[in-house]
Amino acid sequence: MAVVAVVGAGFSGLSAAAYAAQAGHEVHVFEKNASAGGRARQFRSEEGYVFDMGPSWYWMPDIIEAFFNDFGDTVSDHYMLKKLDPAFDMVFPDKRMLSVPGDYTALEEMFDRIEKGSSRQLAKFMKGAEYKYETGMKKLAYAPSLSLAEFMKADLLKGLSKLDVFSSFRKHVGKYFNHSDIRSLMEFPVLFLGAMPKDIPALYSLMNYAGLKLGTWYPDGGFVKLVDAMVSVASRNGANIHLHAPVQEISIRDEKVSSLLVNGQSYPVDAVIASADYQHVESTLLAKQYRNYDEPYWSSRVLAPSCLIVFLGLRKDIGSLNHHTLFFDEDMDTHAEEIYSSPRWPSKPLFYVCNPSRSDKSLAPEGHSSLFLLMPLSPGLHDSPYMREKYFRIMLARLEKQCGEDISSFIAYKRDYCVNDFVQDYNAYKGNAYGLANTLSQTAILKPRVQNRRVKNLFYAGQLTVPGPGCPPAIVSGKIAAQQTIQYLIKNQ
C-alpha cells in the first residue's frame, strides 16, 4: 500500500482521492480551509441565510452520475435533483425578458415564436452539438493529454471535422440563427470560458447541448450536497481528509516527492496529486528547478474571468425572480472586450442573479430570500471596497428596475467576494475564478501538463489543467490524475 497525498479538497481533489483510495492506497487529503469543496463551499449567515459560494449551474448530470457509478453508487443515493423549468431567464434592453423552458419541446416552440423556422435550425445545431458532447466530454475529456498520439485514433480522426475545433463559435451560431435574442442565448455559456465568442472554438457548442438538451438542474440543499456526497465516497473508500491543513512545502529527493510539510509537520509520501491552484503549487511549494512552468509562462496564459459576487439575504420574497436570471441588457461584446482584450472594470457590465431560495425554501427564513449577484471580471484587476460597492449598486439598480420593486430596503445580510478573496481563500492565480480560457491554443495537450516533467511522482488536477474549468471537468480531472498516479505506483512499487 502506497501513501498518496492530495493537495486541496475541491472537486478535482475529492475525485482524485476517491479513485486513489479505491485502488487500495493510503490517501491523505490536505485542505487549507475549514471545509471541503473548494469554490463550492457553502456558508450560513447568523440571520439564517444559506449561500453556495461558487458553482450554481448543475449541468452535465451524466458526467457527475458516472463518477458515482464508478463506486457502485448513484446520485440519488446521496441527494435529490430537481430539473428547473424555466431553466433560466434572460433580460434584454427595455426590460424584455426571455424565459428559457426546461422542456425541450417547449424550447423548440419558443425558438419558432422568435424566429420562424428556427426550431429546424435548432435541431441541426443540436445534432452537431450532441456529437461534440459525446466525443468531447465522454472520450477526449478523459485523455491525460500527455501526447498527441492519444488523439490519433481512427474514430477520432474520422470525426475531426465534426468537432469544429478550427471554427469560430460566433460564426458557427450565425450559420443557424439570425435573431439577436437567440444568438445571445446560444452565446452566453462561452462568456465564462475565457474569450470572446469570436475567439472560442465552435467545439464548445457542446455547452449548448449540455444546458439546453440535458437540462439545468438543482441539487436540493445546494451544491454542497455534491461536495458532501464526494466526501462520503472518498471517506468510505478509506481517504482521510484533513481540514485547516495548508501544505507549506513539497520536498524532493532523487527526483521524487519524499514528503509534504503541513502546519510545520512532515508527512512522508509515495506520490502527490496537487489539485490546488497549479501556479501556486509550482511557484510557492516547489523549488524553482522542479517546476514545469515559470512566471513568464503563466503571465502569458489567457485566463477565464474572475468575478464580483455579492451575497444578499432579503426580508422578502421576490416573486418575479426565478432561480437563474442573466442580465444581457447591455452589449455582450463590450463587456467581453473589457474582460479579455482591454482588461478593466466594465463600463456597462452584464451580470447574473441566482435566487436558489425560489427552488429551495430551506435556504432562507420563511418569507425571505437568499440570492447572489455575480459580475464577470478580468482577473488581476485592482480590487477595493469602493469598486465592489460601486458595481453592487449598479447591479442592484438594474435588478430593482427589472423586478419593479424595492430591494435595497429589505437587505438583512450582505457579503461581497471578489479578486482578493479568490487569492486569499484558494491561492488563485490573479484571483481567477474559472481557470484557463478554453481557447484553441490552450486545449488538450496545450494545457499545463498533468504530470511533472522533473518529479516522477507529482501529478496535477484541477481547472488549470486538463480537461478544463467547470464542476464536471474538475471531477474528470481528478480521475485522470488518479489514474496516472496509480499507473506510476504500479510500475514503481
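Which residues form one aromatic cluster? The cluster consists of Phe43, Phe51, Trp57, Trp59, Phe88, Phe188, Phe311, Tyr352, Phe372 and Tyr413. This is a predicted model, in which local features need pLDDT of at least 70 and side-chain atom pairs count only at pLDDT 80 or more, while totals for chains, interfaces and linings use all residues. Residues are numbered from 1 along each chain as its sequence is written, and side-chain values use heavy atoms, with hydrogens and water left out.

**Aromatic rings**
- There are 38 aromatic pairs, a pair being rings of Phe, Tyr and Trp (its six-membered ring) with centres within 6.5 Å.
- The charged end of Lys213 sits over the ring of Tyr104, 4.7 Å from its centre, and that of Arg301 sits over the ring of Tyr297 at 4.3 Å (NZ of Lys or CZ of Arg within 6 Å of the ring centre and within 35 degrees of the ring normal).

- Beyond four places in sequence, Phe11 is in contact (heavy atoms within 4.5 Å) with residues including Ala40, Phe223 and Ile475.

**Asn438**
- Asn438 counts as buried because its relative accessibility is 4%, the limit being under 20% relative accessible area with a 1.4 Å probe and protein chains only.
- The side chain of Asn438 makes a polar contact with the side chain of Lys447 at 3.1 Å (N or O atoms within 3.5 Å, one able to donate a hydrogen and the other to accept it; residues adjacent in sequence count only if both atoms are side-chain atoms).

Key. Rings of Phe, Tyr and Trp (its six-membered ring) pair if their centres lie within 6.5 Å; planes under 30 degrees apart count as stacked, over 60 as edge-to-face and the rest as tilted. Buried means under 20% relative accessible area, exposed over 50%, partly exposed in between (1.4 Å probe, protein chains only).
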